[in-house]
Every structure is written in structure tokens, then in C-alpha cells.
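Colleague: I would like a close look at one part of this model. Please take me through it step by step.

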Amino acid sequence: MFILPKFTNEENQKYEFEKYMENLPYYPYQQYIHWKPKDYGNILYTDGKFIEILYKMNGDYFGDNSKYKNAVSEVKNNIYEFIRSSYKTVIVVDCENSDVYKLYGMLKNLNGDELDKIDKIVLYDDVHTTDGWDYLERFIGIPIGHIEVERITDYKSLVDIKVSTGVCREFYRNDVSSFILLSSDSDYWGLISSLPEAEFLVVVEWDKCGQAIKRALETSEIYYCSLDDFCSGNIEEFKRAVLIGALKERLPDLLTYNGKELARMLFEQARIEASDTEIMNFYKKYIRTITLKADLDGNFSLEVKL
């Protein structure tokens, strides 16, 4: 943005200088940027406004506000206070109704000293969810228990029953007094209302959580917040690990795939929303550069360059 393309070209320099001087009031703090100047008002009024204008100038659209917005201090402080006031706190995650990448973003944006007071995280996972849940423990310092719930029939999940019985077990057997429950499923109101001796803090995805459960939580003065409030700009390393892991699993059958289609398949498998450009960048960087290696004994293997 701050570099003039073809800056050695004198005509180009002259044109840019004249454009700059004629539109000086529109340049933020009169700082030169390479753009088509226009009266947008204060383009630095918010990060969102600046990013929207920047993308639009380049013929693109930016819609992931979580990349630059973060939960306000009040939300974080309420979570910290909940943890501090508890004898023992466990985070319980309904993996069917929670986003692993948003959860990782939330944990990365909370104070590590406060998170150290969390006894553990228990993931209740269904066979049909993303492989991302398998990678969470590598990136989070909190002990994680990963319970994979099998299905008796393909059309019926048992995760909600396992979560409910698991929470009761933790409360009555392991002296856990407080639970941070991650789920947007209203079915868990039955669990919460049936265990009044326990303390609950509920974390939902705003658009997936119905008004009825929100009203019930508010009426019972149970604090809840949204995963969507936390910045997700710091989760790229985690996403990459999930994608690379999925790619390595497919290396034995690599020749049966088209590389570009494989890239799209990996993003779908990992349930990562991405633009066509992001998917193609992954293809160019990690799939197109896969190499064939031979060890000292002459055995061949495929290697993903990291």
C-alpha cells in the first residue's frame, strides 16, 4: 500500500505526485498510499471500515470480522471471575455444536494465568465432526480428555446424552463445582436446570443459538457469551496443522487425486471456510511441492515441504 509501483518511472512518479497533491485531504494523515483517492470520510475510523475499503479497492470483499475484532474486556473479565470464584472448573465441549477453530481462538485470547486454573477440557466428539478436535491438545496447555461417541444408528447422535452424564459424573464424583459449557444446542437447558447446585457459564455461537435458550439463561442469571466475539486472527498455525495432517493421511493414495480438487477436499474435511485464493495458495505451497524421497535402503516415500 505504501510503495509506488514502477517507482523508477519518472512519468509514473509525476502522475502519482499530482494525484497525491490534488487529493491531499483524503489521504489519512496525509500519508501516501497507492490507491484511488476518494472522500470516504475517516477511513481509519474503525478497523472494519478500513479493511472494507481496502478490499473493495482491490475488487474483493472481506466478511470475516473475527479476524480483527476481539471480545471486550467485560466478557473476558466475566470468564476470569467465574473461574476464580470456582473450587474446580472444567470446560465441557459439545463438538457437534461448537467450532474448534473459534474455540482455539477464544483460548488463545484469554489470559494464560487464568486458564491455568482450569482443571481440564473434556471434548465430547461425534464420528462425523472435523479432525481438528484431534489437534487441539497440541496447541493448548490445558489437559484435554477426548471422548469419541460412537453411533448406534447413523441418523442419531448420542453426544448430548454423553455430555449430560459426563457433567453429572464430574460434579458428583470428582467434586467439580463449575462448568464452562460450549454448545449452541438448547437441549442442554435440561442438564443445567436439573443440576442447580452446579455453576454454569455457557459459550455459544450466536447465529446457531436460539432465542429461547438465551432467554432461559438470562432469566436464571446464568452468564453466556459468544465464541464469535473472540478474534480468530491468531489461529492460522492451528488450521495449517489440521490441513497438513489431513494431507499426509492421503499421501499413499495421492496419485488418485487431482491436486487442486484435493486442496478443496481437505478444506471441506477440516471444515475450514476459505476463499478460492486461500485454497489455491495452500495447493501451490504444500501440494504442488510434494517431493519423492528415497532413504539409504532405496525405499521411496512422499514428503510434504513445510
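Is the crossing of H4 and H10 right-handed or left-handed? Please start there, then show me what lies around it.

Modeller: This is a predicted model. The crossing of H4 and H10 is right-handed. Two packed helices are described by an angle between their axes and a distance between those axes. Here helix H4 spans residues 100-108 and helix H10 spans residues 236-249. They pack at an angle of about 145 degrees, and their axes are 10 Å apart. H4 brings Val-100, Tyr-101 and Tyr-104 to the contact. H10 brings Phe-238, Lys-239 and Val-242. Five of the contact residues are nonpolar, one is charged and none is polar.

Now the sheet. It is open and has six strands, in the order E3-E2-E1-E4-E5-E6, with parallel pairing. Strand E3 (144-149) and strand E6 (224-226) stand at the edges. Each has a single partner strand, so one side of each is left without a neighbour in the sheet. From one strand to the next, the twist averages 20 degrees.

Look inside the sheet next. Strand E1 (residues 89-94) pairs with strand E2 (residues 118-126) in the parallel sense, over six bridges. Thr-89 stands opposite Ile-118 in E2. Helix H3 (residues 73-84) lies across E1, E2, E4, E5 and E6. H3 runs at about 150 degrees to E5.

Last, the cores. The largest nonpolar core has 55 residues. Ile-79, Val-93, Ile-121, Leu-136 and Ile-180 touch the most other members. Beyond its neighbours within four places in sequence, Ile-121 is in contact with residues including Ile-91, Val-93 and Leu-107. Another core, of 25 residues, lies apart from the largest one, and Val-159 and Tyr-224 are among its members.

Notes: Residues numbered from 1 in each chain as written. Predicted model: local features only at pLDDT ≥ 70, side-chain atom pairs only at ≥ 80, totals over all residues. Heavy atoms only, no water. Axes fitted to C-alpha atoms, helices over the stretch in contact; angles between N-to-C directions. Helix = DSSP H or I, 4+ residues; strand = E, 2+ residues; numbered from the N terminus. Left-handed = near helix turned anticlockwise from the far one by under 90°. Contact = heavy atoms within 4.5 Å. Nonpolar A, V, L, I, M, F, W, Y, C, P; charged D, E, K, R; others polar. Core = buried A, V, L, I, M, F, W, Y, C linked by side-chain atoms within 4.5 Å. Buried < 20%, exposed > 50% of the residue type's maximum accessible area, 1.4 Å probe, protein only. Pairing = 2+ DSSP bridges.
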